[in-house]
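These are my notebook entries on one structure. I set out to look up the ligand site and a set of paired strands.

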Amino acid sequence: MQSPSPFRIAVLASGRGSNLQALIDARAAGRLPIELVGVFSDKAAAGALERARAAGIAGVAISPKDFASRDAFDEALFSEVERVQPDLIVCAGYMRLISDAAVRRFEGRMINIHPSLLPKFPGLQTHAQALASGEREHGASIHFVTPDLDAGPVIAQARVPLHTGDTPATLAARVLVREHPLLVAAVALIAAGRVRQRGDAIELDGVPLAAPLQLADDGETLR
Ligand code: GRF
């Protein structure tokens, strides 16, 4: 019998690409049965493109400055993405708003990692916001992308405590360490066909989730 072709993932990233690296490393270690079919960036100097190159993954940079509008840029970018025929697009530190048309084109097939416990703190500077609000815990969320910013149904979260004396930088570092296994675990469930978006809800094994899955203390399992 022919083995099924691996689940194809395209990654969108604007920056250093440590979440991309987590996917690369998990795949290389045999812990994530996926194929990384392309890395796409709005920044030619993104560290993520360097990491893609080092791992032998095709990298594409497209500059928004070369386009008259967000829609025109997204049309070009997502047409490139479409060419690699992804089963899933992972936004991992992709720092641009995505046009409604592009979001709709990939509905149910695009996820984002966001550094807060959504619905708390959508948008930017989430760590500073968590500190300023006197939160006792903070974390990261993986959600399906919908037209409203950071508002799509949440698949899974990882939580961290706040410590006395935390700065946005110390908190960001504590969250980032948990982002990596969170992303790998969530992608594994989607690739296995166990998690899917159904309208505003997430289904796990065909059953709607009452609340987002949580990364367990073992740093690997989602429950
Ligand atoms: C992460 O904190 C992610 O949650 C946010 O942007 C950061 C990207 O980091 N969306 P990296 O580029 O993956 O290292």
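The entries below record what I looked up, beginning with the ligand.

**Entry 1: the ligand site.** I noted at the outset that the model is predicted. I then looked up where the ligand lies and found that it sits in the largest pocket. I listed the residues around the ligand as Arg16, Gly17, Ser18, Asn19, Gly93, Ile113, Pro115 and Glu179.

Entry 2: For Gly17, a polar backbone atom is 2.8 Å from an oxygen atom of the ligand. I also recorded a backbone N or O atom of Ile113 at 3.0 Å from a ligand nitrogen. I then looked up the ligand's area: alone it exposes 370 Å², and the protein buries 88% of that.

**Entry 3: strands 8 and 9.** I turned to strand 8 (residues 195-198) and strand 9 (residues 201-204), which are antiparallel and joined by 4 bridges. One pair I checked is Arg198, whose bridge partner in strand 9 is Ala201. The hairpin of these strands has 2 residues between them, and Gly199 there takes a positive phi near 60°.

**Entry 4: strands 9 and 10.** I followed strand 9 onward to strand 10 (residues 207-208) and found antiparallel pairing over 2 bridges. Here Glu203 has Pro208 in strand 10 as its bridge partner. I noted that strands 9 and 10 also form a hairpin with 2 residues between them, where Asp205 in the turn has a positive phi of about 50°.

Key
Residues are numbered from 1 along each chain as its sequence is written. This is a predicted model: local features need pLDDT of at least 70, side-chain atom pairs count only at pLDDT 80 or more; totals for chains, interfaces and linings use all residues. Side-chain values use heavy atoms; hydrogens and water are left out. Two strands pair if DSSP finds at least two bridges between them. A residue is near a molecule or strand if one of its heavy atoms lies within 4 Å of it. A polar contact is a pair of N or O atoms within 3.5 Å; within protein, one must be able to donate a hydrogen and the other to accept it, and residues adjacent in sequence count only if both atoms are side-chain atoms. Accessible areas come from the Shrake-Rupley method with a 1.4 Å probe; for residues, only the protein chains shown count as cover. On a 1 Å grid over the protein atoms alone, a cavity is a set of points where a 1.4 Å probe fits but cannot get out, and a pocket is an open set with protein on both sides within 12 Å along at least five of seven lines; lining residues have an atom within 4 Å of a point. A molecule sits in a cavity or pocket if more than half of its atoms lie within 2 Å of its grid points.
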